Amino acid sequence: MNGKILIAGGGHGGLAAAYHLAKNGADVTVLEANSRFNMGWNQPDSVNLNCFELADIPVPLSYVVKRTPITLCVGDGVTPNISQVVPEDGYTVMIERKVLCQYLVQLAMDAGANFIFNTKIEQPIILGGRVCGVQTDKGAFYADMVIDSCGINSPLRRALPAKLHIERTLEGYDVLHTYRAFYSKNPDCPPTEPYKVYVFEDGTVGMQWLITNEEDTDVLIARFREYTDADTVITIEKMKHENPQLGDTLLRGGHVVDIPVRQPLSVLVADGYAAIGDSAFMTYSVKGSGVGYAMQAGKILAKTIMEDTESFYTANTLWSYQVNFFKEIGKNASIIALGKVFMTKLTTQDVAFLLKEDIINQKMMDATATENGLVELITQAGVSVIKDKMMRFFDNKELRNKVLNVPIWIAKLLPILSSLPEKYDRDEVKKWADKYDNFYDSIRSDNAENVIDEELI
Ligand SMILES: Cc1cc2nc3c(=O)[nH]c(=O)nc-3n(C[C@H](O)[C@H](O)[C@H](O)COP(=O)(O)OP(=O)(O)OC[C@H]3O[C@@H](n4cnc5c(N)ncnc54)[C@H](O)[C@@H]3O)c2cc1C
């Protein structure tokens, strides 16, 4: 491994890759727009403990805490809330984002990675179809390989030539516009569920949470449609009505940030280029969590790069990153993305009905307490279980058709995922990517008016 590796943007996946590569003697440089201590947002976040282990990143032990059980609220004033039971071994890493960034930066620095801060990447430098560097506000940086860890709006991914088959932009329902803020906590309020998640609360597709901490209250409001200041005002007022502990003073945060919530990018690599983290849409899309997957992908990518002993770093030699990513993470992430598409088709009444009829139930809520629990539950549910659930809303035809779409989608998606080419071939990869992308495009338009054969039930 002789080549020069440039990590564009200090995203979590890029930092994990920098750590592993530098530890193994690679020449790695991270280019980051912010100053060192200004990386990351002013908020704490939860990252699954096992993601650190799977990413081979030392666990920041002082931030390991027991998971807070989530309570699902429909917010229609009628449907009772349903609370998750967190398993005995249900621990997570709850860490301030800035602290996590510093932790990963320090690990990579100690391993020997170079960092250049305050440098804004503008576009890729492409010569003869190969990415061979980046243009920044401080000039050009050339490298044998560029890892795109610039996040959802990466100026690299967006400027790649179309012939590389790497999707450059995101569709409406693939982006969650997310407001996060911490407010004061009113004293002497009655005890409440500590972590309430409201779905479809304002009648449009979206969610919000209210987490009641010792010192403050943590509010998140996420919408697929354009987020407005009115969303904050109206939602906070409604939340206050039901949760008197939510105070008036904004303590920190209060920004809207976009999260990619969709299936991972269909093609992750090109000659001299690999995308990682939010830049490659690697989130657990029904929750919008992406730190864990990004770090895990960092380890997979570093291994692929280290195995390229001749330092070719072509789409061909980098392809095993894509194959192993999809085996270890992408397959589950793609199935979970179906859950997100399904959610975008539901109404408040639908969710209330699903809870009332025990179709969304305690078992499902508990399954969401672990990273792969929900996928395991859905894929292991036998036909009889699905049939039994379907019978409970036989007469609700519109909702029945929406729900029936999910097993049909899974049945269509699994063979696509298993047909990912093991070896790189430009035409075969393009064919596969078209199949994968077209499948998600097609299910976006599947709706309740679809006629589903009654025989299927
Ligand atoms: C409100 C909110 C809450 C969230 N909560 C969680 C959670 O609890 N758990 C979880 O796992 N995930 C959570 N996420 C999602 C998570 O933040 C992302 O999925 C995760 O950060 C992975 O993205 P990334 O590291 O690839 O990119 P980012 O975190 O976006 O990092 C990109 C980096 O690249 C730098 N950069 C960007 N553009 C340029 C440029 N032009 N030049 C140079 N540098 C550049 C940025 O400064 C940044 O350092 C949350 C997101 C939001 C918005």
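These legends describe close-up views of a predicted model.

**Figure 1. The division into domain 1, domain 2 and domain 3**. Domain 1 is built from three stretches of the chain: 4–64, 94–170 and 264–330. Domain 2 covers 173–260. Domain 3 covers 336–456.

**Figure 2. Where domain 1 meets domain 2**. On the domain 1 side, 9 residues take part in the contact. On the domain 2 side, 12 residues do. The centres of the two domains, taken over C-alpha atoms, are 30 Å apart.

**Figure 3. The shell around the ligand**. Why does the ligand lie between domain 1 and domain 2? Both domains give residues to the shell, so the ligand lies between them. There are 34 residues around the ligand. Five glycines come nearest: Gly9, Gly11, Gly151, Gly277 and Gly290. By class, the shell holds 12 nonpolar, 17 polar and 5 charged residues. Several elements each supply at least two residues of the shell. The helices are H1 (12–23) and H5 (291–307). The strands are S3 (44–48), S13 (175–185) and S17 (246–260).

Figure 4. H5 has 17 residues. From its first C-alpha to its last, H5 reaches 25 Å, close to the 24 Å expected at 1.5 Å a residue. Is H5 mostly covered or uncovered? H5 is mostly covered, with 14 of its 17 residues buried.

**Figure 5. Asp56, a residue with positive phi**. Asp56 is not a glycine, yet its phi is about 60 degrees. It sits in the loop between helix H2 (49–54) and strand S4 (64–66). Asp56 has 16 C-beta neighbours inside 10 Å, so it counts as partly exposed. A residue needs 20 or more such neighbours to be buried.

**Figure 6. His165 and its contacts**. His165 has a positive phi of about 60 degrees, although it is not a glycine. The loop that holds His165 runs between strand S12 (145–148) and S13. Is His165 buried or partly exposed? With 19 C-beta neighbours inside 10 Å, His165 counts as partly exposed. Leaving aside neighbours within four places in sequence, His165 is in contact with Val267, Lys430 and Ala433. Lys196 is 31 residues away from His165 along the chain. The C-alpha atoms of this pair are separated by 41 Å.

**Figure 7. Phe393, in the loop between helices H10 and H11**. Helix H10 spans 383–391, and helix H11 spans 397–418. Phe393 is partly exposed, with 18 other C-beta atoms within 10 Å. Which residues does Phe393 touch, not counting those up to four places away in sequence? They are Phe353, Glu357, Ile359, Leu399 and Arg400. Phe393 and Gly77 are 316 residues apart in sequence. In space, C-alpha to C-alpha, Phe393 and Gly77 are 22 Å apart.

**Figure 8. Lys402, a buried lysine in helix H11**. Lys402 has 21 other C-beta atoms within 10 Å, so it is buried. Lys345 is 57 residues from Lys402 in sequence. Their C-alpha atoms are 7.4 Å apart in space.

Conventions: Residues numbered from 1 in each chain as written. Predicted model: local features only at pLDDT ≥ 70, side-chain atom pairs only at ≥ 80, totals over all residues. Domains from an automatic or database assignment. Contact = placed C-beta atoms within 7 Å. Near = placed C-beta within 6 Å. Helix = DSSP H or I, 4+ residues; strand = E, 2+ residues; numbered from the N terminus. Nonpolar A, V, L, I, M, F, W, Y, C, P; charged D, E, K, R; others polar. Expected span 1.5 Å × (residues − 1). Buried ≥ 20, exposed ≤ 12 C-beta atoms within 10 Å, placed from the backbone.
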